[in-house]
Amino acid sequence: DALRKDYDAVFLGLGLSTTHALGVPGEALNGVQDAVDFIATLRQTPDLATLPVGRRVVVIGGGMTAVDAAVQSKLLGAQEVHMVYRRGAEGMSASGAEQEWAQTHGVTIHHWLAPEEIVGADGHTREVRFARQALVDGKLQATGETHTLQADTVLKAIGQRLGNHLLAQAGLLLRDGRIATDATGQTNLPGVWAGGDCRAGGLDLTVE
(Lines give C-alpha, C1' and ligand atoms only; values in the text may rest on other atoms or scores of the structure.)
Protein backbone atom coordinates (compact mmCIF):
# COMPACT_ATOMS: atom_id res chain seq x y z
CA ASP A 1 0.00 0.00 0.00
CA ALA A 2 2.85 2.38 0.81
CA LEU A 3 4.51 1.74 -2.55
CA ARG A 4 1.26 2.30 -4.42
CA LYS A 5 0.74 5.55 -2.53
CA ASP A 6 4.23 6.94 -3.17
CA TYR A 7 4.85 5.68 -6.73
CA ASP A 8 2.96 5.68 -10.02
CA ALA A 9 3.60 2.02 -10.68
CA VAL A 10 4.87 -1.10 -8.91
CA PHE A 11 6.40 -4.07 -10.75
CA LEU A 12 6.57 -7.45 -9.01
CA GLY A 13 9.36 -9.73 -10.26
CA LEU A 14 9.47 -12.04 -7.28
CA GLY A 15 10.36 -15.32 -8.95
CA LEU A 16 9.37 -18.60 -7.31
CA SER A 17 11.16 -18.85 -4.01
CA THR A 18 9.63 -21.99 -2.53
CA THR A 19 10.41 -25.50 -3.75
CA HIS A 20 8.15 -28.54 -3.74
CA ALA A 21 8.84 -31.43 -1.41
CA LEU A 22 9.09 -35.02 -2.64
CA GLY A 23 7.00 -36.21 0.27
CA VAL A 24 8.80 -39.54 0.60
CA PRO A 25 10.61 -41.19 3.52
CA GLY A 26 14.28 -40.25 3.78
CA GLU A 27 13.93 -36.77 2.29
CA ALA A 28 15.60 -35.22 5.37
CA LEU A 29 18.77 -37.34 5.04
CA ASN A 30 22.13 -35.66 4.55
CA GLY A 31 22.99 -35.58 0.85
CA VAL A 32 19.47 -34.62 -0.23
CA GLN A 33 19.26 -31.05 -1.54
CA ASP A 34 17.10 -28.79 -3.68
CA ALA A 35 18.66 -28.45 -7.13
CA VAL A 36 18.07 -24.68 -7.17
CA ASP A 37 20.16 -24.34 -3.99
CA PHE A 38 22.89 -26.52 -5.52
CA ILE A 39 22.97 -24.35 -8.65
CA ALA A 40 22.93 -21.12 -6.61
CA THR A 41 25.94 -22.32 -4.61
CA LEU A 42 27.67 -23.39 -7.83
CA ARG A 43 27.19 -19.96 -9.43
CA GLN A 44 28.61 -18.18 -6.38
CA THR A 45 31.63 -20.41 -5.70
CA PRO A 46 34.83 -18.78 -7.03
CA ASP A 47 36.85 -22.02 -6.96
CA LEU A 48 34.74 -24.94 -8.16
CA ALA A 49 37.43 -27.36 -6.97
CA THR A 50 36.23 -26.61 -3.43
CA LEU A 51 32.62 -27.54 -4.20
CA PRO A 52 31.88 -31.12 -3.11
CA VAL A 53 29.84 -33.42 -5.31
CA GLY A 54 28.84 -37.03 -4.78
CA ARG A 55 30.29 -39.89 -6.79
CA ARG A 56 26.79 -41.10 -7.64
CA VAL A 57 24.25 -38.33 -8.17
CA VAL A 58 20.53 -38.80 -8.75
CA VAL A 59 18.58 -35.78 -10.00
CA ILE A 60 14.80 -36.07 -9.69
CA GLY A 61 12.84 -33.99 -12.20
CA GLY A 62 12.36 -33.42 -15.91
CA GLY A 63 12.87 -29.70 -16.44
CA MET A 64 15.69 -27.32 -17.23
CA THR A 65 16.75 -27.08 -13.59
CA ALA A 66 17.14 -30.86 -13.49
CA VAL A 67 19.21 -30.84 -16.68
CA ASP A 68 21.41 -28.02 -15.41
CA ALA A 69 22.00 -29.71 -12.05
CA ALA A 70 22.75 -33.05 -13.70
CA VAL A 71 25.23 -31.65 -16.24
CA GLN A 72 26.98 -29.48 -13.65
CA SER A 73 27.32 -32.49 -11.33
CA LYS A 74 29.00 -34.42 -14.12
CA LEU A 75 31.31 -31.49 -14.93
CA LEU A 76 32.26 -31.26 -11.26
CA GLY A 77 33.51 -34.83 -11.37
CA ALA A 78 30.65 -37.12 -10.42
CA GLN A 79 31.23 -40.65 -11.72
CA GLU A 80 27.56 -41.43 -12.36
CA VAL A 81 24.70 -38.98 -12.83
CA HIS A 82 21.14 -40.19 -13.29
CA MET A 83 18.22 -37.91 -14.15
CA VAL A 84 14.89 -39.51 -13.29
CA TYR A 85 11.42 -38.42 -14.43
CA ARG A 86 8.05 -39.93 -13.57
CA ARG A 87 6.59 -39.66 -17.08
CA GLY A 88 7.84 -40.28 -20.61
CA ALA A 89 10.28 -38.16 -22.59
CA GLU A 90 7.46 -36.26 -24.30
CA GLY A 91 6.19 -35.06 -20.93
CA MET A 92 9.46 -33.47 -19.86
CA SER A 93 9.51 -29.69 -19.79
CA ALA A 94 13.19 -29.73 -20.76
CA SER A 95 13.46 -29.41 -24.53
CA GLY A 96 14.79 -32.17 -26.75
CA ALA A 97 17.98 -30.17 -27.25
CA GLU A 98 18.48 -29.87 -23.50
CA GLN A 99 17.89 -33.58 -22.98
CA GLU A 100 20.44 -34.32 -25.69
CA TRP A 101 22.86 -31.85 -24.07
CA ALA A 102 22.57 -33.79 -20.81
CA GLN A 103 23.15 -37.13 -22.52
CA THR A 104 26.19 -35.89 -24.43
CA HIS A 105 27.68 -34.92 -21.07
CA GLY A 106 27.27 -38.45 -19.73
CA VAL A 107 23.95 -38.08 -17.91
CA THR A 108 21.70 -41.15 -18.01
CA ILE A 109 18.00 -40.24 -18.30
CA HIS A 110 15.33 -42.58 -16.90
CA HIS A 111 11.60 -42.30 -17.57
CA TRP A 112 8.44 -43.65 -15.92
CA LEU A 113 9.98 -43.78 -12.43
CA ALA A 114 8.54 -41.99 -9.37
CA PRO A 115 10.53 -41.71 -6.12
CA GLU A 116 9.23 -43.99 -3.40
CA GLU A 117 11.90 -43.80 -0.70
CA ILE A 118 15.38 -42.44 -0.11
CA VAL A 119 17.30 -45.05 1.85
CA GLY A 120 20.17 -43.97 4.06
CA ALA A 121 22.96 -45.32 6.23
CA ASP A 122 24.41 -43.44 9.22
CA GLY A 123 22.20 -40.46 8.44
CA HIS A 124 23.36 -40.08 4.83
CA THR A 125 21.61 -41.04 1.63
CA ARG A 126 22.73 -44.32 0.09
CA GLU A 127 20.16 -45.16 -2.58
CA VAL A 128 16.80 -44.13 -4.01
CA ARG A 129 14.00 -46.60 -4.64
CA PHE A 130 11.61 -45.74 -7.44
CA ALA A 131 8.19 -47.15 -8.34
CA ARG A 132 7.75 -47.80 -12.04
CA GLN A 133 4.81 -45.89 -13.52
CA ALA A 134 2.38 -46.47 -16.38
CA LEU A 135 -0.46 -44.46 -17.86
CA VAL A 136 -3.84 -46.06 -17.17
CA ASP A 137 -6.84 -44.15 -18.54
CA GLY A 138 -4.66 -41.06 -18.72
CA LYS A 139 -3.52 -41.26 -15.10
CA LEU A 140 -0.17 -42.34 -13.67
CA GLN A 141 -0.30 -45.57 -11.72
CA ALA A 142 2.40 -47.71 -10.14
CA THR A 143 2.94 -51.03 -11.89
CA GLY A 144 4.20 -52.80 -8.78
CA GLU A 145 7.76 -52.92 -10.09
CA THR A 146 10.56 -50.99 -8.39
CA HIS A 147 13.95 -49.75 -9.51
CA THR A 148 16.82 -48.72 -7.21
CA LEU A 149 19.69 -46.35 -7.96
CA GLN A 150 22.74 -45.92 -5.76
CA ALA A 151 23.17 -42.30 -4.70
CA ASP A 152 25.27 -40.35 -2.22
CA THR A 153 23.76 -37.10 -3.54
CA VAL A 154 20.08 -36.57 -4.42
CA LEU A 155 19.06 -33.31 -6.06
CA LYS A 156 15.35 -32.41 -6.12
CA ALA A 157 14.20 -30.48 -9.20
CA ILE A 158 10.44 -31.01 -9.14
CA GLY A 159 9.31 -27.43 -9.54
CA GLN A 160 8.95 -24.24 -7.54
CA ARG A 161 6.05 -22.17 -6.28
CA LEU A 162 5.39 -18.64 -5.12
CA GLY A 163 4.92 -19.56 -1.46
CA ASN A 164 4.08 -15.98 -0.39
CA HIS A 165 0.79 -15.65 1.51
CA LEU A 166 1.14 -11.87 1.80
CA LEU A 167 0.25 -11.39 -1.87
CA ALA A 168 -3.25 -12.76 -1.47
CA GLN A 169 -3.65 -10.76 1.74
CA ALA A 170 -2.72 -7.62 -0.21
CA GLY A 171 -5.65 -8.29 -2.54
CA LEU A 172 -3.73 -9.67 -5.52
CA LEU A 173 -5.63 -12.19 -7.59
CA LEU A 174 -3.74 -15.49 -7.91
CA ARG A 175 -4.15 -18.23 -10.52
CA ASP A 176 -2.56 -21.68 -10.24
CA GLY A 177 -0.43 -20.39 -7.38
CA ARG A 178 0.96 -17.45 -9.34
CA ILE A 179 -0.01 -13.80 -9.81
CA ALA A 180 -2.80 -13.36 -12.36
CA THR A 181 -2.35 -10.55 -14.91
CA ASP A 182 -3.80 -9.35 -18.18
CA ALA A 183 -1.88 -9.57 -21.47
CA THR A 184 0.22 -6.51 -20.59
CA GLY A 185 1.21 -7.91 -17.21
CA GLN A 186 -1.09 -5.69 -15.13
CA THR A 187 -2.59 -7.30 -12.03
CA ASN A 188 -6.09 -6.72 -10.67
CA LEU A 189 -4.65 -3.91 -8.51
CA PRO A 190 -4.40 -0.58 -10.39
CA GLY A 191 -0.80 0.42 -11.00
CA VAL A 192 0.64 -2.97 -10.07
CA TRP A 193 2.27 -5.20 -12.70
CA ALA A 194 3.98 -8.58 -12.46
CA GLY A 195 6.32 -10.56 -14.69
CA GLY A 196 8.69 -13.49 -14.80
CA ASP A 197 8.22 -16.77 -12.98
CA CYS A 198 5.78 -15.31 -10.45
CA ARG A 199 3.27 -14.42 -13.18
CA ALA A 200 0.63 -16.92 -14.22
CA GLY A 201 0.90 -17.59 -17.95
CA GLY A 202 2.97 -15.74 -20.51
CA LEU A 203 6.71 -16.08 -21.02
CA ASP A 204 8.46 -17.17 -17.85
CA LEU A 205 12.03 -17.83 -18.90
CA THR A 206 14.75 -15.23 -18.38
CA VAL A 207 15.97 -15.70 -21.95
CA GLU A 208 12.45 -15.16 -23.32
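Modeller: Helices are DSSP runs of H or I with at least four residues, strands are DSSP runs of E with at least two, and both are numbered from the N terminus. This is a predicted model, and the protein has 5 helices and 14 strands by that count.

Biologist: Which residues is D152 in contact with, leaving aside its neighbours within four places in sequence?

Modeller: D152 is in contact with G31, G54, R55, R56, H124 and T125. Each of these has heavy atoms within 4.5 Å of D152, so each counts as a contact. As for Y85, D152 is 67 residues away from it in sequence and 19 Å away in space, C-alpha to C-alpha.

Biologist: Why is the pair of K156 and E27 called a salt bridge?

Modeller: The closest N and O atoms of K156 and E27 are 2.9 Å apart. The cut-off is 4 Å between a side-chain nitrogen of Lys or Arg and a carboxyl oxygen of Asp or Glu, so the pair qualifies. K156 belongs to strand β10, while E27 sits in the loop between β2 (18–19) and β3 (32–34), 129 residues apart. E27 and K156 are also linked with D34 in a network of salt bridges.

Biologist: Are K156 and E27 buried or exposed?

Modeller: Buried means under 20% relative accessible area. K156 has 13% and is therefore buried. E27 has 17%, so E27 is buried as well.

Biologist: How do you know that R43 and D68 form a salt bridge?

Modeller: Their closest N and O atoms are 2.8 Å apart, and the limit is 4 Å. R43 lies in helix α2 and D68 in helix α3, so the bridge ties together parts that are 25 residues apart in sequence. R43 at 51% relative accessibility counts as exposed, because exposed means over 50%. D68, with a relative accessible area of 16%, is buried. Not counting residues up to four places away in sequence, D68 touches I39 and R43.

Biologist: How many salt bridges does the rule give, and what makes E145 and R132 one of them?

Modeller: The count comes to 6 salt bridges. E145 is in strand β9 and R132 in strand β8 (residues 124–136), 13 residues apart. Both are partly exposed because their relative accessible areas, 48% for E145 and 28% for R132, fall between 20% and 50%. As a general point, side chains of opposite charge can pair when their charged atoms come close.

Biologist: What makes a group of residues in this protein a nonpolar core?

Modeller: Members must be buried nonpolar residues joined through side-chain atoms within 4.5 Å. The largest such core has 21 residues, of which V59, A69, V81, M83, V107 and L155 touch the most other members. At least two of its residues come from each of α2 (35–43), β4 (56–60), α3 (64–75), β5 (80–84) and β6 (107–110). Helix α3 supplies the largest share, 5 residues. A second, separate core of 14 residues includes V24, V84, L113 and L149.

Biologist: Which residues does L155 touch, not counting residues up to four places away in sequence?

Modeller: L155 touches Q33, A35, F38, V57, V58, V59, I60, A69 and S73.

Biologist: What makes the backbone at W112 and D122 worth a remark?

Modeller: Most residues other than glycine have a negative phi. W112 has a positive phi near 60 degrees, and D122 has a positive phi of about 55 degrees. W112 is found in the loop between β6 and β7 (113–121), and D122 in the loop between β7 and β8.

Definitions and conventions:
Residues numbered from 1 in each chain as written. Predicted model: local features only at pLDDT ≥ 70, side-chain atom pairs only at ≥ 80, totals over all residues. Heavy atoms only, no water. Buried < 20%, exposed > 50% of the residue type's maximum accessible area, 1.4 Å probe, protein only.
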